[in-house]
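Here's a quick walk through a two-chain model. Have a look at the structure first, then read on.

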Amino acid sequence: MHMADALLSPAVGGVMIAASAAAAGYSIKKVVEDPDFKKKIPAMGVMGAFVFATQMINFTIPGTGSSGHLCGGLLLTAILGPYAGFLSMIGVLLIQCLFFADGGLLALGANVWNMAFYGCFIGSVIWKGIMKTGASKGKIVLASVLGSVLTLQMGAFSVTLETLLSGVTELPFGTFLAAMLPIHLAIGLVEGLITAAVLCFVHEARPSLLWNADTAAKEGRFSYRTTLVILICAFLVIGGGVSLLASSYPDGLEWSIERLTGDTELESEETGVYSTAAGIQESTSFLPDYAFKNSDSAAGTTVSGVVGCLITFGVLAGAGTLMKMKDRKKTA
Amino acid sequence: MDKLDDAIRTVRELDEADDQSPLAKVHPLAKLVTALVFAVLVTSVPKYRLDLCFAMGVWLYGYAVFFRLSPGECLRRLWGLFLLLFFVGITNPILDRKVLFVMGRVNVTSGMISMLSLFLKGALTLFSAWFLAVSCGMLNILSALKAVHVPQVLLNVIYLIYRYLTLLLEEASRVFTAYRLRAPGQRGLHFSVWGSLVGSMLLRSMDRAETVYQSMELRGYQPEYAFTDSTPWNGTSSLYLILCLISMALLRFIPIFSFLGSLVMN
């Protein structure tokens, strides 16, 4: 993700240096305000060096033959907090730029923004939000993976934007983004898992080291009822709201069929098993093509989404109840 | 874990390179400003002006020869940079097909030129940053940053990261050599020990950092005096800066090489 100087114009590089300098200035102010900040300095130094050293280690990814490394920003935030973590990450990036030819002097501002700012500040929001009711292994894994994936996606988006604004590539924005985001999704996932493994170990061995993760409230997990309410709300939001944003273009399979036959749907025979199945489908589907019958209203899509989610939820709940009953019978 | 050994070697090499450079008499701030201005001038070259990129290359080559600087380790790192630039620039020849001139039987398009200039710019800025590191060393770069009033807290953190770096790289190298000996033929760190091995190294490092810092304080370490100017600003520094800036600007803004070329062609 380290950007080279050649990928930036002086204007874009200058703006990113200014933005990162502002974030660094604010972080310094916050770190100095901390009464224990003098004690924190060696920890910041060693954590920066630690992130640097561990980024040189290959972590084997099972089943792929490839390897990944730690997500530095999130690890620093989880141990030092966002402000001290951000300053440590600046140090790491400066040394990498000067001594290891990773990134450039002009690109330092952009690299700090893309890797340290998102990793530490956005990462801290995610970490803090998830650890609100205390830390547990599950929450650490969730925060690490979610934080790594999201912050890496933001970083990749910024890299694309900065490169395009600098005018060094002829690639259209969409194509560049389509190349950058999926690969960083995979990288983020792996980095998140590695970071989670390290943080889970720290949580077990010395939980007091974790930032903003009150371990006394370990048991304060979501209750069954709260989880159920959150799940239902998520179903409704995704099914009812987000479904409106669904693309009107054909999906992958439809697109392939269209390329071969000129239409997104295959012509079926009018007789036999095909027509019987089509007849059953027509009579049972009360929301054909995710809309009300004989209507093009957008509300149809929303209602389809909600109904679909509720049916799926019902089926899953039913299956769960049946399995529970079976287990009870076995134990009895 | 060759990367770790490489990193240890690089840090040591750069630490020792400081005294060997004839640029030692020049104030680090002058060198930092030169490197920054060079990066700005190179990246501001329009993407089709390959001649200006070459001109800046000639300047950097002259600089390296004059001050007896060697690209050394940097040459090896060039491949990694080219891989990144290749990913970004490969579409330029495909999408930008305007023919600029014909060389033999090959149509040279504007996309090819812009891709070449991207590679050249990348290599030049990489070398200039490397020359800065080789001729200054970390402590001098920090004193240059101090001269432009970069906050002391940030400088302390960078200084400590740098100081702990060798310590941790060596420790990591030892740990992973031991691991590799127990797990022969394995390409990296197996996922079953991701947490325990790296986590325990983290905890040990935290404890060690505290001890090392206390020892430093007991021996009179005070961050504000850790990187004071070893080379005061002098006439040599002013002359160096003025000459560097003027020569760079001349080569960047006056197309001397195009002019020379046109003389030969005519």
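## Ground rules

This is a predicted model, so to speak of local features takes pLDDT of at least 70, side-chain atom pairs count only at pLDDT 80 or more, and totals for chains, interfaces and linings use all residues. Residues are numbered from 1 along each chain as its sequence is written, while chains are lettered from A and ligands numbered from 1 in the order in which they are written.

## Chain B

Chain B has eleven helices and two strands (DSSP runs numbered from the N terminus: H or I of at least four residues for helices, E of at least two for strands). Reading from the N terminus, the order is α-α-α-α-α-β-β-α-α-α-α-α-α. Its radius of gyration, 23 Å, is well over the 18 Å that the globule rule gives for 266 residues, so chain B is more spread out than a compact globule. That radius is taken over C-alpha atoms, and the rule is 2.2 Å times the number of residues to the power 0.38.

## Where B meets A

In this interface, 69 residues of chain B are in contact with 59 residues of chain A (C-beta atoms, placed from the backbone, within 7 Å). On the chain B side, α7(B) gives the most, with 14 residues.

## A helix in chain A

Helix α2 of chain A, residues 37-54, reaches 25 Å from first C-alpha to last, close to the expected 26 Å (1.5 Å times one less than its number of residues).

Methods: Two residues are in contact if their C-beta atoms, placed from the backbone, lie within 7 Å.
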